[in-house]
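Please examine the sequence and the structure shown here. The account that follows leads through the chains in turn.

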Amino acid sequence: MLEIVFISTLNGVLYGMLLFLMASGLTVIFSMMGVLNFAHASFYMLGAFFGFEISRHVGFFPGLVIAPVLVGLIGMAVERYGLRQVHRHGHVAELLFTFGLTFIIQEVVQMVWGKLAVDYKVPPALDFPAFTLFATEYPAFKIFMLAISIAIFAVLLLIVKRTRVGLVVQAALSHPDMVGMLGHNVGRVFMLVFGVGAGLAAVAGVIAGPALVTQANMAAALGPILFVIVVVGGLGSLSGAFVASLLIGLIQTFAVAVNVSLADILGDTQMAETLSVWFSDIWSVTVAQIAPILPYLLLVLILIFRPRGLMGNRES
Amino acid sequence: MRKFVGSGAFALVVLASTALSAMAQDTLKIGYVDPLSGGGAAAGQIGMNQLNYIAEAVNAKGGVMGKQVEIIPYDNKLDPQVSLVQIQKAVDQGVRIVIQGNGSSVAAAVSDFVTKFNSRNPGKEVVHINHAAIDPSLTNDKCSYWHFAFDANVNIKVEAMTNFMKANEAIKKVYLINQDYSFGHSVAEAAAAKLGAEGSSIEVVGKEFVPLQKVTDFSPYIAKIRASGADSVFTANWGNDLQLLIKAAGDAGLDINWYTFYAGLAGTPTAIKQAGLEDKVFQITEGVNNLDYMPMQEEVKAYMAKYPDAPIYYPRLFNAMGMVFKAIEEAGSDDPVKFVPKLEGMKYVDFIDGKEGFMRADDHQYFQTMYISGLGSLGPNQPFEEEKTGWGWKVAATIPVDDTIVSTTCQMERP
Amino acid sequence: MIASDTTSELPSARRRSFLATYGVWIALAVVLVALPYVLNSGLAISTMCLMGIMIIFSLSYNMLLGQTGLLSFGHAVFFGLGGFLTAHAMNIVRVTGAPLPLEVFPIIGGLTGLLFGVIFGAVATRRAGTAFAMITLGIGELVASSSLILRSAFGGEEGISVDRTRVLQMFGISFGPQIQVYFLIAAWLFLSVAAMYALTRTPFGRICNAVRDNPVRASFIGYNTTTVRFLSFSMAGLFAGVAGGLAALNFEIVTSSAMGAAQSGTVVLMAYIGGVGNFAGPIIGAILVTYLQVMLSDVTGAWQLYFGLLFIGIVMFVPDGIAGLVARQQPVLVSGRLHKVLPRYLTALLPGLLALAGLSMLIEMTYQLTVNAPEGPAMSFLYVPFDASSPLPWLIAAAMLAVGLWLFLKAGRLALEAYGDAVEAARGNVR
């Protein structure tokens with residue numbers, strides 16, 4: 001029992017940190033620009049493929065720097081020449097713009113790298129088990145991922161809370177005209193924010209690529225889970241996203257460990273027999289089976305009962 | 001606004017080109033209705049490559065009954081409803097032979113549609129050549145006269161695989177992990193029944209269902225498998241659900257054997273290599289390219305000269321096309337009404353191993369010699385690696401065709 | 001004298017207003033009846049059936065997005081559930097032999113949509129804006145995932161199949177041939193469009209607009225915005241359910257993909273491309289998007305790229321959609337300057353086409369050399385065969401794109417000037 005709790009906690013934290021790594025860029029863009037970036041997963045995919053391509057020539061670690069910079073530049077160009085035009089038509093238009101972008105990035109990736117999975121490997125320097133716990137090995141790469149994730153969180157938090165840049169960005173969201181009059185270039189601020197967000201997505205891609213599968217369908221495979229994290233954490237709250245990632249990682253991991261179904265709870269009573277006929281479908285469904293849809297349930301419940309999210313400070 | 005004017009014009013171009021492409025020629029038109037974009041595109045593209053190769057080879061020899069074979073792709077985006085519209089389009093363009101395989105849901109919809117379409121449109125009958133969907137209902141309770149299954153169905157594969165596992169004395173505890181939808185459930189139930197049957201020395205220590213293509217992190221499942229003490233896993237997972245599962249096992253250092261249906265599917269050999277699971281992952285198929293059968297190996301080399309990415313994944317497409325062409329020539333007509341009776345009960349020398357298989361008339365299920373193969377470093381006379389991994393499929397066991405025959409509940413309605 | 005004048009004028013005024021009011025509807029009915037005789041191939045009729053269904057679906061969606069300002073990412077839930085319940089009802093009727101003709105089955109879909117609209121609406125419409133969008137996203141994901149788990153209700157991945165000819169037949173119509181289904185869909189389309197249009201003209205429709213434009217003010221004048229959103233959501237569910245029911249009897253199969261995220265995304269695209277600010281917008285969008293979905297993948301393997309470019313182009317340059325673009329030409333007609341503006345449009349169109357052809361050629365050549373690499377570099381574009389690996393076609397395509405774009409920008413500026421003049425003139429006329 002202790003073993004299961006211990007291992008599940010560790011797995012949950014590792015998974016939660018992977019989720020935060022993926023969601024951090026989305027949170028940055030969402031909380032600072034108010035844009036629901038549907039193309040986030042596409043930037044993540046671009047990061048993975050750029051990282052793969054660079055790792056083939058100069059190695060993994062240069063790729064970890066170069067790929068995010070490249071994707072960040074692409075993100076800035078997208079903001080400058082696309083999103084900015086759309087901005088005046090409102091949030092729905094912005095969101096749909098990023099929605100259209102996903103089609104284009106998807107097809108371009110398919111044209112360049114094909115439809116098959118590419119062989120994006122864990123770098124040899126990190127390809128060893130870091131430690132062994134209850135006979136389960138934990139690869140060094142996962143620990144590296146955890147460290148990067150926490151580092152990103154710390155740096156972002158520092159920038160937003162402790163630097164002038166962070167203040168300007170936050171002010172630009174609520175009072176763009178005032179910030180503009182104070183002599184700051186609001187357009188450039190937003191461009192930078194979008195670039196940073198896209199770059200962070202790419203960092204996640206470079207790291208998750210070898211850990212998961214680098215394939216042209218990886219953006220679609222990610223699904224809307226990242227939106228769940230951002231919303232559950234609270235719009236505009238970096239710490240909220242961090243907590244939500246951990247929470248969702250732990251919930252899913254622990255749920256998988258639980259093999260209980262309605263049939264087990266209600267046992268062999270007369271009533272249970274009647275119910276089992278009527279609800280034959282959900283009767284034997286275990287908690288483990290519904291683990292991955294729990295985040296969506298959480299999303300709906302949170303939005304109903306606490307629309308600000310866990311740590312958000314405003315509604316939308 | 002400027003952009004819009006352009007888009008309108010673009011639509012016109014599209015219109016004009018569709019109108020022109022519909023112009024008829026006297027060829028044997030074969031419609032390939034499978035995913036060519038989206039999540040299933042990798043598998044769909046491989047099938048398309050093979051069909052193009054087969055058609056080119058046949059056309060170089062003068063075609064079928066003097067007619068050139070033309071493969072027309074219809075992208076169904078792995079969606080049942082889109083597939084039906086695409087088949088309607090194919091019929092309008094003179095297609096009477098529809099090849100489809102990816103996705104049980106699509107296959108069921110297509111088979112159902114074709115049956116209804118044929119009864120409502122006599123004189124325009126279409127035949128459905130299913131090269132990959134293996135849901136047993138397609139050749140049992142939902143069987144159709146116009147549907148032919150060329151891949152061994154779930155019952156056959158489970159029967160063969162579990163017999164192989166039961167004969168292997170090293171296997172004591174088996175963990176079943178499958179995707180949480182009808183296909184995964186039918187595999188799990190059949191496998192649990194076979195492995196847990198009386199007289200079996202194998203214990204089923206877990207029966208897990210993972211939500212279909214929703215899981216990113218499989219390490220909790222690996223923890224469960226380890227906790228159960230299993231020495232083998234039986235899974236019919238495919239795509240990401242298999243690749244990520246195997247990579248998670250590799251990460252955690254879980255040293256057990258994997259018995260799968262779809263480890264050969266595009267992308268999975270790469271994942272197995274990355275996980276470092278040499279000679280630990282097995283699949284059941286109708287054969288692999290490294291079989292010691294020279295005519296086939298020559299053909300695979302010719303194929304790879306054109307499509308170098310991977311060797312032949314769907315040998316059954318060669319069987320299916322060969323049998324359809326043979327039936328057409330025997331019937332002297334490419335009208336499905338005439339050549340379908342020839343397909344029923346047809347015996348055929350399999351492309352992959354030169355052994356004989358047959359199309360059972362009762363349910364239109366093709367029976368052939370089956371092979372269990374493992375992925376690992378190659379030996380002599382095994383020239384074909386998968387996806388440039390350096391590893392290839394090597395035969396671990398052969399199941400003769402007689403041992404693959406299972407009963408059917410099909411009550412075929414013949415026109 | 002004055003009195004007699006009025007009486008003599010009244011009937012003609014009435015006649016005009018009759019035509020003005022009902023002319024569009026008569027025309028719609030005539031078009032719906034005539035279409036299958038003009039476009040009579042099997043594919044055309046199948047496609048039109050699909051378009052009819054999608055028109056109802058996207059119009060129902062616009063009750064949310066366009067009329068009430070609610071962005072939903074889970075609208076396909078009602079479409080799918082309506083379809084499933086209709087399919088189940090058809091199977092029950094087949095077994096029990098209940099005297100229910102096929103014509104009325106879409107009502108079952110509609111009622112299902114309404115029921116679930118009420119249930120989910122009670123949850124979702126308590127919020128607006130981004131929170132609402134995210135709740136619908138969550139609900140959509142929950143329902144779609146559950147459909148695979150609840151196998152006896154949703155038939156697993158194979159879905160529920162039905163036979164539309166096995167229910168009570170009225171007037172000897174079997175509904176075997178697709179053309180008969182077309183007329184059934186057309187009839188339901190006409191009814192639904194009329195009903196949804198009528199709804200926008202009611203006080204309720206106006207209040208929806210008020211809630212969309214300024215919820216604070218709407219609540220100050222005494223309307224509960226949550227209730228308005230709730231009612232709108234439920235009604236949208238009703239019509240989406242009707243569309244789902246029609247889809248069930250058109251395809252004779254309903255699968256869980258009918259209520260997946262892709263379907264929910266498609267309806268957003270349809271409504272937005274057509275134009276959410278105009279009643280006709282979603283109709284245009286549904287027709288265009290359905291056509292592209294059915295046909296585009298035949299013409300080019302890179303269809304997603306074109307689809308994305310088209311969509312982004314619309315969002316960036318025509319944010320009020322195609323219907324909005326057409327509506328913006330009204331001042332041109334009013335000012336009577338069409339003869340001046342139209343030639344300018346055409347001179348901009350030609351280089352625009354040239355640029356597009358160049359762009360498309362570049363894309364297709366890239367596609368040939370990457371995805372289609374095994375087929376070799378020989379290809380043809382607009383029926384001109386050439387070798388994509390030689391530099392000449394690349395130069396030609398790039399030149400077409402550059403020259404076309406340059407001329408287009410010049411001509412486009414002139415066209416916009418002419419348009420501006422016409423708008424000025426129209427304003428002058430009004431004054």
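**Domains, interfaces and local features**

In chain A, 15 residues of domain 1 are in contact with 13 residues of domain 2. The model under discussion is a predicted one. On the side of domain 1 of chain A that touches domain 2 of chain A, helix 1 (2-33) and helix 5 (140-162) of chain A each supply at least two residues. Helix 1 of chain A provides the largest share of that side, 10 residues. By class, this side of domain 1 of chain A divides into 11 nonpolar and 4 polar residues, with no charged residue. The domains themselves are assigned as residues 17-221 for domain 1 of chain A and residues 224-316 for domain 2 of chain A. Their C-alpha centres lie 27 Å apart.

Helix 5 of chain A also packs against another helix of its chain. Two packed helices are described by the angle between their axes and the distance between the axes. For helix 5 of chain A and helix 8 (residues 186-211) of chain A, the axes come within 10 Å and cross at roughly 170°. An angle over 145 degrees counts as roughly antiparallel, and helix 5 of chain A and helix 8 of chain A are therefore roughly antiparallel to each other. Helix 5 of chain A contributes A:Phe141, A:Met145, A:Ile148 and A:Ile152 to the contact, while helix 8 of chain A contributes A:Leu200, A:Ile207 and A:Ala211. The residues of this contact comprise 7 nonpolar, no polar and no charged.

The next step is the contact between chain B and chain A. Chain B gives 33 residues to it and chain A gives 30 residues. On the side of chain B that touches chain A, two or more residues come from each of helix 2 (41-60), strand 7 (203-210), helix 7 (219-228), helix 8 (240-252) and helix 9 (268-275) of chain B. Helix 7 of chain B gives the most to that side, with 7 residues. The side of chain B that touches chain A divides into 13 nonpolar, 11 polar and 9 charged residues.

Strand 12 of chain B pairs with strand 11 (residues 347-349) of chain B in the antiparallel sense over 3 bridges. Within this pairing, B:Phe358 of strand 12 is the bridge partner of B:Lys347. The hairpin of strand 11 and strand 12 of chain B has 6 residues between the strands, and B:Gly354 takes a positive phi near 75° there. Strand 12 of chain B pairs with strand 13 (residues 365-367) of chain B as well, in the antiparallel sense and over 3 bridges. Here B:Met359 stands opposite B:Tyr366 of strand 13. The hairpin formed by strand 12 and strand 13 of chain B has 4 residues between the strands, and B:His364 in the turn has a positive phi of about 60°.

A positive phi also occurs at B:Lys388, a residue other than glycine, with a value near 55°. B:Lys388 lies in the loop between strand 14 (370-377) and strand 15 (391-399) of chain B. B:Lys388 counts as partly exposed because 13 C-beta neighbours lie inside 10 Å.

Chain C in turn meets chain B, in a contact that takes 49 residues from chain C and 41 residues from chain B. Several helices of chain C each supply at least two residues of its side, among them helix 2 (42-68), helix 16 (338-369) and helix 17 (391-430). Helix 13 of chain C gives the most to this side, with 7 residues. The side of chain C that touches chain B has 26 nonpolar, 17 polar and 6 charged residues.

Within chain C, the domain assignment gives domain 1 (39-317) and domain 2 (330-430). The C-alpha centres of these domains of chain C lie 35 Å apart. Their contact takes 4 residues from domain 1 of chain C and 4 residues from domain 2 of chain C. The side of domain 1 of chain C has 2 nonpolar, 2 polar and no charged residues.

Finally, C:Leu382 has a positive phi of about 50° although it is not a glycine. C:Leu382 is found in the loop between strand 3 (378-381) and strand 4 (384-387) of chain C. With 11 other C-beta atoms within 10 Å, C:Leu382 is exposed.

Methods: Residues are numbered from 1 along each chain as its sequence is written. Chains are lettered from A and ligands numbered from 1 in the order in which they are written. This is a predicted model: local features need pLDDT of at least 70, side-chain atom pairs count only at pLDDT 80 or more; totals for chains, interfaces and linings use all residues. Two residues are in contact if their C-beta atoms, placed from the backbone, lie within 7 Å. Ala, Val, Leu, Ile, Met, Phe, Trp, Tyr, Cys and Pro count as nonpolar, Asp, Glu, Lys and Arg as charged, and the others, Gly among them, as polar. Domain bounds come from an automatic or database domain assignment. Two strands pair if DSSP finds at least two bridges between them. Axes are lines fitted to C-alpha atoms, for helices over the stretch in contact, and angles run from 0 to 180 degrees between N-to-C directions. Angles under 35 degrees count as roughly parallel, over 145 as roughly antiparallel, 65 to 115 as roughly perpendicular and the rest as oblique. A residue is buried if 20 or more other C-beta atoms lie within 10 Å of its own, exposed if 12 or fewer, and partly exposed in between; C-beta atoms are placed from the backbone.
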